[in-house]
Amino acid sequence: INKFDSDLIFFREKSVDESGKTVYINGDTPSGKIYEISKDDAAQLIIGRQINGMCDKVYKASIFDGLCFEEGLLHGEDFMYNLLALSKVSSVSYVDQIKYSYVMNSSSITHQSFNKNSFDQVYFKDAVASYVEEYFPKFTAVCQKRAFLARLRVCRPIYFEKLEKKYVTEINELNEYM
């Protein structure tokens with residue numbers, strides 16, 4: 001932060017199981033280098049490489065003036081809010097070092113079976129697709145694909161868990177979209 005006076009800094013993370021054992025490192029071996037990158041390169045990291053969590057970044061607090069998470073929505077919000085934050089930055093850095101360990105908690109929302117919050121990811125993928133179409137148009141097709149895939153991720157467990165009768169309206173909307 002002090003070296004580059006960046007508004008947003010990306011860094012690498014690894015996924016670990018609940019015992020702390022490394023399960024996954026995204027990408028190749030970290031070089032240890034620190035780079036200044038463009039907003040377009042930052043968008044590529046968030047959208048193209050799916051580095052869209054909030055935990056592997058450092059933000060200047062002022063970036064979030066006027067931004068807040070939507071209450072009651074629990075699944076998929078990081079993607080949208082990273083892009084909203086990116087629109088407010090003037091400088092971005094990338095630290096090619098692992099600085100965060102993501103614990104793959106078996107009881108977290110991303111590892112649970114289907115529940116009503118699963119639909120949140122569709123809402124956010126649609127919001128991102130609309131936002132990207134206006135502000136980062138070269139990534140529109142990628143975001144539209146993600147919106148489609150979010151619907152598949154929601155539909156699959158509904159049918160697998162035989163919940164079709166409970167979610168008729170939602171299934172009809174998802175099918176209409178697809």
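Predicted model: local features only at pLDDT ≥ 70, side-chain atom pairs only at ≥ 80, totals over all residues.
# Briefing: cores, salt bridges and backbone features

Lys 162 is exposed, with a relative accessible area of 68%, and its place is the loop between H4 and H5. This lysine has a positive phi of about 55° although it is not a glycine.

**Nonpolar cores**

- The largest nonpolar core has 30 residues, and those with the most contacts inside it are Phe 10, Ile 47, Leu 83, Leu 86, Val 92, Val 132 and Phe 136.
- Two or more residues of this core come from each of strand E1 (8-16), H1, H2, strand E5 (92-103) and helix H3 (120-135), and H2 gives the most, with seven residues.
- Val 92, when its neighbours within four places in sequence are left aside, is in contact with Ser 6, Leu 8, Phe 10, Tyr 35, Glu 36, Ile 37, Lys 39, Ala 42 and Leu 86.
- A second, separate core is made up of 10 residues, including Phe 119, Val 154, Cys 155 and Ile 158.
- Helix H1 (residues 39-48) has Ala 42, Ala 43, Leu 45, Ile 46 and Ile 47 buried.

**Salt bridges**

- The count of salt bridges comes to seven. In general terms, side chains of opposite charge can pair when their charged atoms come close.
- Lys 60 forms a salt bridge with Asp 5, with the closest N and O atoms 2.9 Å apart. This pair links distant parts of the chain, since Lys 60 is in the loop between strand E4 (57-59) and H2 while Asp 5 is in the segment before E1, 55 residues apart.
- Asp 40 forms a salt bridge with Lys 138, and here the closest N and O atoms are 2.8 Å apart. Asp 40 belongs to helix H1 and Lys 138 to the loop between H3 and H4, so that distant parts of the chain, 98 residues apart, are linked.
- Asp 40 counts as partly exposed at 35% relative accessibility, whereas Lys 138 is exposed, with a relative accessible area of 59%.
- Arg 151 and Glu 173 meet through their side chains in a salt bridge of 3.8 Å, N to O. The link is between distant parts of the chain, with Arg 151 in helix H4 and Glu 173 in helix H5 (residues 168-177), 22 residues apart.
- Arg 151 counts as buried, at 1% relative accessibility, while Glu 173 is partly exposed, with a relative accessible area of 40%.

- Glu 77 lies in helix H2 (residues 77-86), and it is buried yet has no salt bridge.
- The nearest side chain of opposite charge to Glu 77 is that of Lys 125, which is 9.1 Å away; a salt bridge would call for a side-chain nitrogen within 4 Å of a carboxyl oxygen.
- Not counting residues up to four places away in sequence, Glu 77 touches Phe 69 and Phe 124.

**Surface and loop**

- Phe 148, Leu 149, Tyr 177 and Met 178 form a nonpolar patch on the surface, and together they have about 320 Å² of accessible area.
- Leu 149, one of the residues of this patch, lies in helix H4 (residues 140-160) and is partly exposed, with a relative accessible area of 32%.
- Pro 30 lies in the loop between strand E2 (22-25) and strand E3 (34-37), where it is partly exposed, with a relative accessible area of 26%.
- Pro 30 touches Arg 12, Asp 96, Gln 97 and Ile 98, not counting residues up to four places away in sequence.
- From C-alpha to C-alpha, Pro 30 and Asp 78 are 24 Å apart in space, and they are 48 residues apart in sequence.

**Positive phi values**

- Asp 5, in the segment before E1, has a phi near 50°, a positive value in a residue other than glycine.
- Gln 50, which follows H1, also has a positive phi, near 60°.

Definitions and conventions
Residues numbered from 1 in each chain as written. Heavy atoms only, no water. Helix = DSSP H or I, 4+ residues; strand = E, 2+ residues; numbered from the N terminus. Buried < 20%, exposed > 50% of the residue type's maximum accessible area, 1.4 Å probe, protein only. Lys, Arg positive; Asp, Glu negative; His and termini not counted. Contact = heavy atoms within 4.5 Å. Patch = residues over 30% accessible without salt bridge, like charges linked within 9 Å, V, L, I, M, F, W, Y side chains within 5 Å. Areas by Shrake-Rupley, 256 points an atom, 1.4 Å probe, with all protein chains shown as cover. Core = buried A, V, L, I, M, F, W, Y, C linked by side-chain atoms within 4.5 Å.
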